[in-house]
Amino acid sequence: MKILLVEDEKLLARTIRDFLVSKGFQVEVVYDGETGAEYALLGIYDLLILDIMIPGINGYQVARQVRAHRCTVPILMLTARSDLESRVEGLNAGADYYLTKPFDTRELLACINALVRRQGTQMDSLTFGNTELDLSTCMLRCGEKQVRLTAKEFDVLRQLLRYGEKLIPKETLLARVWGYETNAVENHVEVYMAFLRKKLRSIGSNVNIVAIRRMGYHLELKDHD
């Protein structure tokens, strides 16, 4: 599960990140509202943890921007502002839950698990053709055969499955999988496509990853005739 944490108190952000990583989550941290909104709208995160008093646009504005773009990622707001008006404003802005500082890490974890459960079966798997990607275990399955993907292979294939037959540009894959602040280049994408094609073949998948030169990738079903 991939979490975006928007928190400008760097010590607190590091503490939260380390705690969540120890519980098996992937966590990316940004420190201002504009970057938080930009990253959230990539559509690659399963949860947004959002402070309210942050540089640039505040947490309320970030939440409103995310919801205005029809992004349904669950939003957990963290803030020292515990008054009723602030909580109401946060919920009206699009937050799913409101946790006040200071908080116990056990309560934070319970809130995260509750928000994840609300997503129901929508988060369980992605399928294309005869192939299924289990989003909770990173297992790629075709019938009785299965193979485990690495974290990066999982992120790449998840994006491909979300687009399906529609073209996803290389630049979009780089941004959504490796992030904006990365030294990764297009060759990294090509390498992981080769890894994924090999694993798809190993389980007898009828899914083919098609490269469109200078444009990107899309999925199609193999013709067995």
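**Sheets and helix contacts**

Me: How many bridges join β6 to β7?
Reply: Four bridges link β6 to strand β7 (residues 131–134), and the two run antiparallel. Two strands pair if DSSP finds at least two bridges between them. In this pair, Leu126 sits opposite Leu133 of β7.

Me: What kind of model is this?
Reply: It's a predicted model, where local features need pLDDT of at least 70 and side-chain atom pairs count only at pLDDT 80 or more, while totals for chains, interfaces and linings use all residues. Residues are numbered from 1 along each chain as its sequence is written, and side-chain values use heavy atoms, with hydrogens and water left out.

Me: OK, back to β6. What order do the strands of its sheet come in?
Reply: The order is β6-β7-β8-β9, an open sheet of four strands with antiparallel pairing. β6 (125–128) and β9 (145–148) are the edge strands, each pairing on one side only. On average, neighbouring strands there are turned by 20 degrees against each other, direction ignored.

Me: Which helix packs on that sheet?
Reply: Helix α8 (residues 186–202), which touches β7, β8 (139–142) and β9, and whose direction makes about 155 degrees with that of β9. Contact means heavy atoms within 4.5 Å. As for the angles, axes are lines fitted to C-alpha atoms, for helices over the stretch in contact, and angles run from 0 to 180 degrees between N-to-C directions.

Me: Let's zoom out. How many helices and strands does the chain have?
Reply: Eight helices and 12 strands. Those are DSSP runs numbered from the N terminus: helices are H or I with at least four residues, strands are E with at least two.

Me: What joins β4 to β5?
Reply: Four bridges join strand β4 (residues 75–79) to β5, and they run parallel. Met77 stands opposite Tyr98 in β5.

Me: Switching to helices: how do α6 and α8 cross?
Reply: The axes of helix α6 (residues 151–163) and α8 come within 10 Å and cross at roughly 85 degrees. The two are therefore roughly perpendicular. Angles under 35 degrees count as roughly parallel, over 145 as roughly antiparallel, 65 to 115 as roughly perpendicular and the rest as oblique.

Me: Which residues meet there?
Reply: Lys152, Glu153, Val156, Leu157 and Leu160 in α6 meet Tyr192, Met193, Phe195, Leu196 and Lys199 in α8. By class that's seven nonpolar, no polar and three charged. Ala, Val, Leu, Ile, Met, Phe, Trp, Tyr, Cys and Pro count as nonpolar, Asp, Glu, Lys and Arg as charged, and the others, Gly among them, as polar.

Me: What about α7 and α8, at what angle do they pack?
Reply: About 85 degrees, with the axes of α8 and helix α7 (residues 170–178) 9 Å apart. Residues of α7 including Leu173 and Trp178 meet residues of α8, among them Val189 and Tyr192. That contact has six nonpolar, one polar and four charged residues.

Me: Last one: α2 and α3, parallel or perpendicular?
Reply: Helix α2 (residues 33–40) and helix α3 (residues 59–68) cross at roughly 25 degrees, their axes coming within 9 Å. They're therefore roughly parallel to each other. Gly33, Gly36, Ala37 and Ala40 of α2 make the contact with Val62, Gln65 and Val66 of α3.
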